[in-house]
Amino acid sequence: MVLVRSRFALLAFTLAVTSASAADNAPMHPVASGAAAAVADSDAPFVMAVRFLVREGLENDFIAAMADPRDQTAKESGNLAYELSVDPSNARSFLLYEKWENVAALDSHLKQPYLVKLGGALGDLLSEPPSIAYYVPVD
């Protein structure tokens, strides 16, 4: 599991998302690189769970910011699941469950314009950097 915990890390995460290029020959996105390092087979399906803690009073803004990326991601080749959930005991805590066909599909996703736009909005909405965990299916 990879945890990102400082304001500097939030800035780095936001910059990584906002500076990603959609060009095929662009280097791998840092979050996709993290997935490649975490999973044994980067050509196999895997799950990425991203936890967000939203600033108090900005929960609806966060949900609104996630709407277009959620809808667009559902259409992407290689995306097997993309679901945003809220903690029923803490309305500021959200979990984004993502399932990808492989690391290359995640890398392509992270370079899409709607994700770049989302990355720019997250810094103002989150009270702490997101935490990211990677999982692989159990045979």
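This is a predicted model: local features need pLDDT of at least 70, side-chain atom pairs count only at pLDDT 80 or more; totals for chains, interfaces and linings use all residues.
A residue counts as buried when its relative accessible area is under 20%. By the burial criterion, F52 is buried, with a relative accessible area of 4%. F62 is buried as well, at 0%. F94 also counts as buried, with a relative accessibility of 4%.

A search of the whole structure returns two aromatic pairs. In one of them, F52 and F62 lie 5.2 Å apart, centre to centre. Their planes stand at 55°, and the pair is tilted. F52 belongs to strand β2 (residues 46–53) and F62 to helix α3 (residues 59–73), so this pair ties together parts 10 residues apart in sequence.

F62 also pairs with F94. The ring centres of F62 and F94 are 4.8 Å apart and the planes meet at 45°, so this pair is tilted. The pair links distant parts of the chain, with F62 in helix α3 and F94 in strand β4 (residues 90–100), 32 residues apart.

Helix α2 (residues 30–38) packs with helix α4 (residues 103–110) at an angle of about 165°. Their axes are 8 Å apart. Angles over 145 degrees count as roughly antiparallel, and α2 and α4 are therefore roughly antiparallel to each other. Their crossing is right-handed. On the α2 side, the contact involves V31, A32, A35 and A36. On the α4 side, V103, L106, D107 and L110 take part. By class, the contact has seven nonpolar residues, one charged residue and no polar residues.

Note on methods:
Residues are numbered from 1 along each chain as its sequence is written. Side-chain values use heavy atoms; hydrogens and water are left out. Axes are lines fitted to C-alpha atoms, for helices over the stretch in contact, and angles run from 0 to 180 degrees between N-to-C directions. Helices (H or I, at least four residues) and strands (E, at least two) are DSSP runs, numbered from the N terminus. Angles under 35 degrees count as roughly parallel, over 145 as roughly antiparallel, 65 to 115 as roughly perpendicular and the rest as oblique. A crossing is left-handed if the near helix is turned anticlockwise from the far one by less than a right angle, and right-handed if clockwise. Contact means heavy atoms within 4.5 Å. Ala, Val, Leu, Ile, Met, Phe, Trp, Tyr, Cys and Pro count as nonpolar, Asp, Glu, Lys and Arg as charged, and the others, Gly among them, as polar. Rings of Phe, Tyr and Trp (its six-membered ring) pair if their centres lie within 6.5 Å; planes under 30 degrees apart count as stacked, over 60 as edge-to-face and the rest as tilted. Buried means under 20% relative accessible area, exposed over 50%, partly exposed in between (1.4 Å probe, protein chains only).
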